Amino acid sequence: MKKMSIKSIADTLQISTATVSYILNGKSKEKRISEELTQKVLEYVEKNNFKPNHLAKSLRTGKTNVIGLMVEDIADTFFAGIAGNIENIAYENGYKIIYSSTKNNPQKAKDLINTFRERNVDGYIITPTEAIEEDIKALMKDNLPVVLFDRNCQDVESSYVGMDNFDSAYQAVKYLIAQGYKNIGFVTLDSTQPQMIDRLLGYERAIHEHRMKSFMVKFDYLTAKTTDITDDIEQFMQQSQQIDALFFATNYLAISGIEVLGRLKIKIGEEIGIVVFDDNDLFRIHQPTISAIAQPVHEMSKQLILTLLEHMNNTGIKQAYNPQKHVLPATLIKRASSQKEPS
């Protein structure tokens, strides 16, 4: 069977290829194409199973049953877990997911939002990067359902699902102090993102409350994700040899840190304590096991979908839009790496 093209549709219906293209891209009203002709083209492409059939159908129904999901890094265990759970729950509710990684690159995030717009997705779940507040506001101005997660945008009044990063970090450091650690170092990212700032503030609050000295090293996100930072962590340890515990702001920073401690032959759990923000299967099977803050992945995923579905069901009813804030508690999993004294 000969593959159908826009030109073949135009030839069959005896109209211009430009007219067919405008109709399939939802520009009939903008180009003042009659409803009768628009309907004729859409019915024809559906009947003949033209490739952008999903687009034609969406133009008729106003829905694609597709949700756009933007995360920082789909390869990261946390975001992969969120994406997997969201995909399952969305599918049970009749939706499919298109997901992509921003790599914390604002321009890539903007491009992805534009791509999702072109695909006419029904709703957006976004882990925002810096400098995309205006893009998110533009989505909301056009009455498109948006839910932010993991990190919020202070100047955007949208729904949000995340966890209490400040209190989680604060409680983790207090736990280390209660175990008898006196010099607790913090390995984190040099970031202005809200969740990273809250983790820093949680660490600082616990340290200052106990009148302890802070020890800190910060890494650029791309440097931490794409290069070997073990030498820098080793230098930090050598410059602050009094450190007897480490709190890592992310699991990938912790993996590099654990490698350094092995290289320096420092015994985890005996000579140094460790707690990591964001649990990982590696920490459960590592010897000794590594204490970690476990984020509520399933609960966050479920709340994200339920919140977005509610907004999508209310699309077009402006007075029904009510931004929802869901801040879920995390769990500190106490393992061998931090139990200097019996808990």
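Begin by selecting Asp 164 and Phe 166: at the start of helix H8, a side-chain oxygen of Asp 164 reaches to within 3.4 Å of the backbone nitrogen of Phe 166. The model is a predicted one, in which local features need pLDDT of at least 70 and side-chain atom pairs count only at pLDDT 80 or more, while totals for chains, interfaces and linings use all residues. Residues are numbered from 1 along each chain as its sequence is written, and side-chain values use heavy atoms, with hydrogens and water left out.

**Helix H8**

Next, select residues 165–178, which form H8. Helices (H or I, at least four residues) and strands (E, at least two) are DSSP runs, numbered from the N terminus. H8 has 14 residues and reaches 20 Å from its first C-alpha to its last, close to the 20 Å expected at 1.5 Å a residue; the expected span is 1.5 Å times one less than the number of residues.

Which residues of H8 are buried? Among them are Ser 168, Ala 169, Ala 172, Val 173 and Leu 176. Buried means under 20% relative accessible area, exposed over 50%, and partly exposed in between (1.4 Å probe, protein chains only). An α-helix has 3.6 residues a turn, so residues three or four places apart point the same way. Just after H8, select Gly 180, which takes a positive phi of about 105°.

**The six-stranded sheet**

Now display the open sheet of six strands, with the order E7-E6-E8-E9-E10-E12 and mixed pairing. Two strands pair if DSSP finds at least two bridges between them. The edge strands are E7 (215–219) and E12 (331–333), each pairing on one side only. From one strand to the next, the twist averages 15°.

E10 and E12 pair in the antiparallel sense over three bridges. Select Ile 293 and then Leu 332, its bridge partner in E12.

Show H8 again: it lies across E6 (184–189), E8 (245–248), E9 (273–277), E10 and E12, running at about 170° to E9. Helix H9 (residues 194–209) lies across E6, E7, E8 and E9, running at about 170° to E6. Axes are lines fitted to C-alpha atoms, for helices over the stretch in contact, and angles run from 0 to 180 degrees between N-to-C directions. Contact means heavy atoms within 4.5 Å.

**The nonpolar cores**

A nonpolar core is a set of buried Ala, Val, Leu, Ile, Met, Phe, Trp, Tyr and Cys residues joined through side-chain atoms within 4.5 Å. The largest has 50 residues, and those with the most contacts inside it are Ile 184, Leu 246, Phe 247 and Leu 253. H8 supplies the largest share of this core, seven residues.

Centre the view on Leu 246. Leaving aside neighbours within four places in sequence, its contacts include Leu 176, Val 187, Phe 236 and Ile 274. A second, separate core of 23 residues includes Ile 82, Ile 89, Val 147 and Phe 149.

**Loops to inspect**

Where is Asn 104? Asn 104 sits in the loop between strand E2 (96–101) and helix H6 (106–118), and has a positive phi of about 60° although it is not a glycine. Move on to Asp 150, in the loop between strand E4 (146–149) and strand E5 (159–163). Asp 150 also is not a glycine, yet has a positive phi of about 75°.

Finish at Gln 287 and Pro 288, which are joined by a cis peptide bond with omega of about -5°. Pro 288 is found in the loop between helix H13 (281–285) and strand E10 (291–294).

Terms used: Polar contact = N/O pair within 3.5 Å; in protein donor to acceptor, adjacent residues only side chain to side chain.
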